[in-house]
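Welcome! Here is a short tour of some charged pairs and the overall layout of a protein. Please have a look at the structure first.

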Amino acid sequence: MPREKGRKVVASNRKARHDYAILDTYEAGMALTGTEVKSLRAGRASLVDAFAQEKGGELYLYGMHIPEYVQGTWTNHEPRRTRKLLLKRLEIDRLIGKLREGGLTLVPLSVYFSDGWAKVEMGLAKGKKAYDKRQDLAKRDADREINRAMGRRGKGME
């Protein structure tokens, strides 16, 4: 059977971009069990409250929810188990160094299949303050209003 091509998004964490300023993104593989992969292929996953941390020189993903596979048997997985992130050693060391500096965290932005392999897009993030979030919302509303006015003007309505 030929391997599937392209990128198929399973879950995305839209709230992360609202709560954090994303400084850099990384693509990582995940160490998964068979029933987890089948559940992901069915499009079932949640990244709410998920985060990554260093433990013993490796990076692990905590709090990601992959529901049990419906047709699974006693071999089914635990839905919120800790999953190891698969990155090159150089990237792991660089990320651990940045995380230890303080003020930064590693949050999952999306889970997807890339050419048949389950991947997670991780963002090196800095938490936003409440006023930063309000500024972003105000800027987005202003941009939307400008685009509406330009659209009306282009149609000759004003």
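**Salt bridges at a glance**

R144 pairs with D141 in a salt bridge whose closest N and O atoms are 3.4 Å apart; a salt bridge here is a side-chain nitrogen of Lys or Arg within 4 Å of a carboxyl oxygen of Asp or Glu. This is a predicted model, in which local features need pLDDT of at least 70, side-chain atom pairs count only at pLDDT 80 or more, and totals for chains, interfaces and linings use all residues. Residues are numbered from 1 along each chain as its sequence is written, and side-chain values use heavy atoms, leaving out hydrogens and water.

**Within helices**
- R144 and D141 sit three residues apart in helix α4 (residues 130-154), separated by about one helical turn; helices (H or I, at least four residues) and strands (E, at least two) are DSSP runs, numbered from the N terminus.
- R144 is partly exposed at 39% relative accessibility, and D141 is partly exposed at 45% (buried means under 20% relative accessible area, exposed over 50%, partly exposed in between, with a 1.4 Å probe and protein chains only).
- D19 forms a salt bridge with K15, with the closest N and O atoms 3.8 Å apart.

**Across the sequence**
- R81 forms a salt bridge with E36, their closest N and O atoms being 2.9 Å apart.
- R81 lies in the loop between β4 (58-62) and β5 (83-86) and E36 in helix α2 (residues 34-41), so the pair ties together parts 45 residues apart in sequence.
- E36 is buried, at 0% relative accessibility.
- A network of salt bridges links E36, R81 and R83.

**Overall**
- The structure holds 10 salt bridges.
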